[in-house]
Amino acid sequence: MTLELRPLSDAIGAEVLSVDLASPLGDGVIADIRAAWLDHNILLFRDVDWTPAQHVAFTRRLGGLHIMPGLAHETSTNHPDYPEIMVVSNVKRNGVPIGLRRAGWGWHSDGEDKRLPNMGSLLHALKVPPGQGDTAFANTTKAYEALDPAICARIEGKLGRFSRVERHNHNYPDLPPLTEEEKAGRPDVWHPVTRTHPETGRTALYIGRWAVEIEGVPKAEGEALIEDLTQHAVKPEFTYTHRWRKGDAILWDNRCTQHCALPFDDEAYERHMQRTTLEGDTPFYEAPGGARIESYVP
Ligand SMILES: O=C(O)CCC(=O)C(=O)O
Ligand SMILES: [Fe+2]
């Protein structure tokens with residue numbers, strides 16, 4: 001069977017029209033979904049009506065699952081019965097938050113602050129506020145290909161330092177600061193800022209809101225460069241903004257995209273999403289001449 005697809009935008013993404021994710025899917029369909037995912041970077045499925053167990057089971061067909069580590073002193077943001085599901089939500093039950101509020105309000109790819117960033121993520125919308133609560137996605141392969149050659153020459157084959165410790169308070173001002181134990185558990189990691197996709201072989205710009213420094217570039221200059229690269233990656237020609245409907249599920253590839261949850265009025269409205277996360281492998285960059293660098297934790 002060939003999947004029926006409709007592009008979401010010129011920049012990135014396709015909607016899969018011919019698959020009901022809640023139905024039993026053969027290996028052939030899973031292979032088609034994976035191929036379409038690699039072609040389009042993000043896939044949208046509409047009207048997905050499934051249980052958490054089905055959400056987990058489908059994701060597992062695409063790879064090993066990552067369980068989001070909780071930060072010790074905060075309420076767990078994982079589903080109480082399915083730790084493979086991270087709850088992205090501002091909903092409270094009996095006054096207690098049932099998920100992580102204001103998750104991803106800033107451009108990033110999932111797990112970029114970890115030694116093994118996440119391969120992919122599958123976010124399912126259960127409750128969405130009217131007319132807001134969108135998520136924007138950027139195609140970082142296209143962003144890389146359109147880089148100014150002078151900028152490209154400065155970053156090609158370089159590593160960047162990504163730091164949970166330095167950016168936690170800035171990126172999650174509503175969360176408590178990290179404890180010393182948490183800091184020790186989330187060491188800085190150096191990732192290639194131009195990254196070879198292990199399945200397509202294409203190069204993507206790999207930068208995001210946890211990046212703080214670029215190898216060989218003085219700190220302040222590096223910060224400015226990271227800001228310029230971020231602005232470049234999220235230009236309209238590389239991005240698509242999704243207006244969620246209940247039942248939408250979006251599968252994205254963290255190796256060649258960034259995303260950003262657009263802030264909404266979370267005092268007035270509830271927004272409730274559930275996410276499964278695919279484990280990734282060590283990012284690397286392979287130069288056309290064959291030289292290879294990969295991520296490391298000092
Ligand atoms: O809530 C969203 O739209 C996205 C949040 C996010 O960054 C994530 O689930 O990875
Ligand atoms: Fe995210």
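Phe 137 stands opposite His 259 in strand E16. The model is predicted: local features require pLDDT of at least 70 and side-chain atom pairs count only at pLDDT 80 or more, while totals for chains, interfaces and linings use all residues. Residues are numbered from 1 along each chain as its sequence is written, and chains are lettered from A and ligands numbered from 1 in the order in which they are written.

**Exercise 1.** Determine the order of the open sheet that contains E16, and its edge strands.

*Solution.* 
- Step 1. Strands (E, at least two residues) and helices (H or I, at least four) are DSSP runs numbered from the N terminus; two strands pair if DSSP finds at least two bridges between them.
- Step 2. Strand E8 (residues 135-139) pairs with E16 in the antiparallel sense over five bridges.
- Step 3. E8 is also joined to E14 by four bridges, again antiparallel, and Ala 138 stands opposite Thr 239 in E14.
- Step 4. The open sheet of three strands therefore has the order E14-E8-E16.
- Step 5. Its edge strands are E14 (239-242) and E16, each pairing on one side only.
- Step 6. From one strand to the next, the twist averages 20°, where axes are lines fitted to C-alpha atoms and angles run from 0 to 180 degrees between N-to-C directions.

**Exercise 2.** Describe the shell around ligand 1 by residue class and by element.

*Solution.* 
- Step 1. A residue is near a molecule if its C-beta atom, placed from the backbone, lies within 6 Å of it.
- Step 2. The residues around ligand 1 include Val 88, Asp 110, Leu 123, His 259, Ala 261 and Arg 275.
- Step 3. Strands E7 (120-127), E16 (257-261) and E17 (272-278) are the elements that give two or more residues to this shell.
- Step 4. The shell divides into five nonpolar, four polar and two charged residues; Ala, Val, Leu, Ile, Met, Phe, Trp, Tyr, Cys and Pro count as nonpolar, Asp, Glu, Lys and Arg as charged, and the others, Gly among them, as polar.

**Exercise 3.** Classify Arg 46 and Arg 255 as buried, partly exposed or exposed, and list their contacts.

*Solution.* 
- Step 1. Arg 46 lies in the loop between strand E3 (42-45) and helix H2 (52-60), and Arg 255 in the loop between strand E15 (249-253) and E16.
- Step 2. Arg 46 has 14 C-beta neighbours inside 10 Å and so counts as partly exposed.
- Step 3. Arg 255 has 26 other C-beta atoms within 10 Å and is therefore buried.
- Step 4. Two residues are in contact if their C-beta atoms, placed from the backbone, lie within 7 Å.
- Step 5. Not counting residues up to four places away in sequence, Arg 46 touches Glu 15, Arg 245, Gly 247 and Asp 248.
- Step 6. With neighbours within four places in sequence left aside, Arg 255 is in contact with Met 119, Arg 195, His 197 and Ala 204.

Conventions: A residue is buried if 20 or more other C-beta atoms lie within 10 Å of its own, exposed if 12 or fewer, and partly exposed in between; C-beta atoms are placed from the backbone.
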